[in-house]
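Subject: Structure for your files

Hello,

Here is the structure we spoke about, with the sequence alongside. My notes on the core and the domains follow below it.

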Amino acid sequence: MSNFKFSRKLTDYLKKIELDTGREIKFFESPDLGIKGITAAYNYNPKYIQITLNMENSRSKGDRERSIAHEATHGYLMHKLKFCRPIFLEHVDDNYKRDVHLVFTMIEDIIVNKIIQDNEFHPFGHEYLPMVTEEIKIAHKGEEEGERFYHRFTDNPHLEALLMISRYIIACGFLRYYHLGPHEEKIIKEFTRTFKKYYPDYYKFCVKIKGIIEEHNIFTEKGECQTIQLILQLFKLDERVKLTQLN
Ligand SMILES: [Zn+2]
């Protein structure tokens, strides 16, 4: 953190979140944030908004600032908007927790990116469209090649499957809820079309998740919580976790 100075825009945004939530934003550093290649992560803490940064991943200042704004907004969802969070039963392993967290992220990110866009940050980083373009290419090679590709980000096969599915759901979120430029829209649409065609086993789950999202208003704390609960049930991940809201 020492050699990194925030812009006025980010400083103001973080201050606004601290004011609205009554929670201080604190930064930590770690080289392992659960999924390889990510630069920042939000971790729940009742007293403050904890953001952990991986300083080893080099990114442009704009992208790093966007990702800090993004993670801080997860804290805003929790502490101000009272969106739900997972409470795990005792003795659940880290792999299970990561799976559940990824289901949360799949839905929360649609909301978080919308909020940061309203606050003049770009809804996605510079790496997003090139990554999606690569994912389109990979998808044409079929499911096995796709699995190998997403395996780069995690050694856990369960998480890998969820990651693939979450890429589709997040892309659909952009198409459904965001104003995109024609170029952006074209690439993201192409990705969803390719995914549907070449990853049929994964697409089956995506259709169900899309249906759940359509039936609930994920932008409200109740709708978001019900949506996550139903997706956890779909993946049989709901047995060792309870969803709860802060008072
Ligand atoms: Zn996120």
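**Nonpolar core**

In the largest nonpolar core, which has 54 residues, Ala 72 and Val 103 touch the most other members. Helix H3, residues 94–118, gives the most to this core, namely 10 residues. Both domain 1 (1–80) and domain 2 (92–247) give residues to the core, so it lies between them. Please keep in mind that this is a predicted model.

Which residues does Ala 72 touch, not counting those up to four places away in sequence? They are Leu 14, Ile 17, Ile 25, Ile 49 and Ile 51.

**The two domains**

The domain assignment of the protein gives domain 1 as 1–80 and domain 2 as 92–247. Between the C-alpha centres of domain 1 and domain 2 the distance is 21 Å. Contacts between the domains involve 17 residues of domain 1 and 17 residues of domain 2.

On the side of domain 1 that touches domain 2, the elements that give two or more residues are helix H1 (8–21) and helix H2 (61–79). H2 gives the most to that side, with 10 residues. What is the make-up of this side of domain 1 by class? There are 8 polar, 5 nonpolar and 4 charged residues on the side of domain 1 that touches domain 2.

To view these points in the model, you could begin with Ala 72 and Val 103, the residues that touch the most other members of the largest nonpolar core, and then turn to H2, which gives 10 residues to the side of domain 1 that touches domain 2.

Regards

Terms used:
Residues numbered from 1 in each chain as written. Predicted model: local features only at pLDDT ≥ 70, side-chain atom pairs only at ≥ 80, totals over all residues. Core = buried A, V, L, I, M, F, W, Y, C linked by C-beta atoms within 7 Å. Buried ≥ 20, exposed ≤ 12 C-beta atoms within 10 Å, placed from the backbone. Helix = DSSP H or I, 4+ residues; strand = E, 2+ residues; numbered from the N terminus. Domains from an automatic or database assignment. Contact = placed C-beta atoms within 7 Å. Nonpolar A, V, L, I, M, F, W, Y, C, P; charged D, E, K, R; others polar.
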